[in-house]
Amino acid sequence: MPRDYSRPQRVGDQIQRELSELIRQELKDPRVGMLTLSGVEVSRDLAHAKVFFTVLGDAQAIAGTTEGLRRAAGFLRRELGRRMRIRTVPELHFHYDDTQVRGARISALIDEAVAEDRARHGDEPPIDDTNPA
């Protein structure tokens, strides 16, 4: 019977909290600037953790941040081991999370389609589907 909040989810949430603090206070890599950790997915055996992040900037800033995090993964894993009470700390894999960018793009496309529809059918009264007669 699956639990609502499994151990990998709890470990992932703890890793996210600790990593955000470590990156903000301890990481000195200039390529890693202001970023947001959007989530951590930990494997069932707690051996691997996918760390999703967002960062403002262009593709070059994203690539630089990804490389900086990848290079600091060993340091961050060691520091996580010192802070967390866990037998083995998962190996960290950093991934850029583009859901916000895709969401904004989809929202813009919807707004464009609605504006185009209004321009095309602007003089017609709206259809009221709430009161069928």
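Biologist: Which helix gives the most to the lining of the largest pocket?

Modeller: In this predicted model, helix 1 (7-25) and strand 1 (35-42) each supply at least two residues of that lining. The top contribution is 4 residues, and the element that gives it is helix 1.

Biologist: How do the residues of the lining of the largest pocket divide into nonpolar, polar and charged?

Modeller: The lining consists of Leu19, Ser20, Ile23, Arg24, Leu27, Val32, Gly33, Met34, Leu35, Thr36 and Leu37. Gly counts as polar in this scheme. The division is therefore 7 nonpolar, 3 polar and 1 charged.

Biologist: How much space lies in the largest pocket?

Modeller: Residues lining this pocket include Leu19 and Leu37. The space in the largest pocket is about 170 Å³.

Biologist: In which hand does helix 1 pass helix 3?

Modeller: Two packed helices are described by the angle between their axes and the distance between the axes. For helix 1 passing helix 3, the crossing is right-handed.

Biologist: Which residues in helix 3 meet helix 1?

Modeller: From helix 1, the contact involves Ile15, Glu18, Leu19, Glu21, Leu22, Ile23 and Gln25. By class, the contact of the two helices has 6 nonpolar, 1 polar and 4 charged residues. On the helix 3 side, the residues are Leu76, Glu79, Leu80 and Arg83.

Methods:
Residues numbered from 1 in each chain as written. Predicted model: local features only at pLDDT ≥ 70, side-chain atom pairs only at ≥ 80, totals over all residues. Heavy atoms only, no water. 1 Å grid on protein atoms, 1.4 Å probe; cavity = no way out; pocket = protein on both sides within 12 Å on 5 of 7 lines; lining within 4 Å. Points joined across faces, edges and corners; volume = space filled by probe spheres on them. Left-handed = near helix turned anticlockwise from the far one by under 90°. Contact = heavy atoms within 4.5 Å.
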